[in-house]
Amino acid sequence: MESAIIRTEGVTRCFPSGRETIYALKDVGITIEPGTLTILRGRSGSGKTTLINLLGALDRPTSGKIYFNGNEITRMSEAQRDELRRKEMGFVFQSIALISMMSAYENVEFALRVAGYKASERRQRAEECFAFVGLTKRMHHRPGELSGGEQQRVAIARAIAHRPRVVFADEPTAELDTHTGLQVVKVFKNLVEKEGLTVVMTTHDPSMVEIADRVYTLEDGEIVDEQ
Ligand SMILES: Nc1ncnc2c1ncn2[C@@H]1O[C@H](COP(=O)(O)OP(=O)(O)O)[C@@H](O)[C@H]1O
Ligand SMILES: [Mg+2]
């Protein structure tokens, strides 16, 4: 058994563009250990979103292999990948896609309902998740009444509610100022340390990288540095 929760081997992702081919990723090999915060950093266009979408089984590479918990997801059917995503993965995006007509609490409760949790379990788990992200006092507000940083913490509460093993966050701090962004990353770090969650996030902000356990730097679709 390998210890990595995610591992890629020679992953390349091309997009046809007219008569040319854009190599969004070239021969990427990375390893993500469980219970760590990994940051994928790089300038705009360096391949971060393409890579995190592949790790989260939202897309397939042109060539190469990706393993999740020892199983090769690049060999799985669409249905198997759907199930893996639903059960083992959580997602947080740059623009916060909360349902504006529902309170923060209802957003998380709804996600638990979709995940098949019983009514009696939903309340306890939702409250627990708001405690994890430090928003217990604000959880009955609607998203529009919360700051950007608070909304992103609600999105994190929703992403972790169904107890995924890995949370993927694509530029979760891009729309926040640096101070608020750091607070959001610290919420992730805390979940990693206290709950043993595995977090993979992308950023182009160099000030975030000190908090990470592992940092991969991308340039033109290639990993150029690993710390
Ligand atoms: N669906 C697509 N079709 C064509 N080109 C794409 C597509 N997605 C990404 N690319 C290209 O791949 C490169 C990497 O993009 P992306 O992964 O979005 O970078 P980042 O998230 O680091 O800004 C860019 O040159 C981008 O234009
Ligand atoms: Mg991107």
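**Setting up.** I'm working with a predicted model, so I kept local features to pLDDT of at least 70 and side-chain atom pairs to pLDDT 80 or more, while totals for chains, interfaces and linings use all residues. Residues count from 1 along each chain as its sequence is written, and chains are lettered from A and ligands numbered from 1 in the order in which they are written.

**Ligand 1.** I got F15, S17, I22, A24, G42, S44, G45, S46, G47, K48, T49 and T50. Two or more residues come from each of β1 (6-17), β2 (20-28) and α1 (48-55); my helices (H or I, at least four residues) and strands (E, at least two) are DSSP runs, numbered from the N terminus. The most come from α1, with three residues. Sorted by class, I have three nonpolar, eight polar and one charged; Ala, Val, Leu, Ile, Met, Phe, Trp, Tyr, Cys and Pro count as nonpolar, Asp, Glu, Lys and Arg as charged, and the others, Gly among them, as polar.

**L54.** Next I picked L54, which is in helix α1. Is L54 buried or exposed? L54 is buried, because 24 other C-beta atoms lie within 10 Å; the cut-offs are 20 or more for buried, 12 or fewer for exposed and partly exposed in between, with C-beta atoms placed from the backbone. Leaving out residues up to four places away in sequence, L54 touches V11, R13, D59, P61 and I66, where contact means C-beta atoms, placed from the backbone, within 7 Å. I also checked T74, 20 residues along the chain from L54: the C-alpha atoms are 9.2 Å apart.

**The sheet.** I traced six strands in an open, mixed sheet, in the order β7-β8-β9-β4-β10-β11; strands pair if DSSP finds at least two bridges between them. β7 (89-92) and β11 (222-226) each have a single partner strand, so one side of each lacks a neighbour in the sheet. On average, neighbouring strands are turned by 20 degrees against each other, direction ignored. β7 pairs with β8 (residues 166-170) in the parallel sense over four bridges, and F91 stands opposite F168 in β8. Back to α1: this helix packs on the sheet, touching β4 (37-41), β8, β9 (198-203) and β10 (214-219), and its direction makes about 160 degrees with that of β9. Axes are lines fitted to C-alpha atoms, for helices over the stretch in contact, and angles run from 0 to 180 degrees between N-to-C directions.

Methods: Near = placed C-beta within 6 Å. Contact = placed C-beta atoms within 7 Å.
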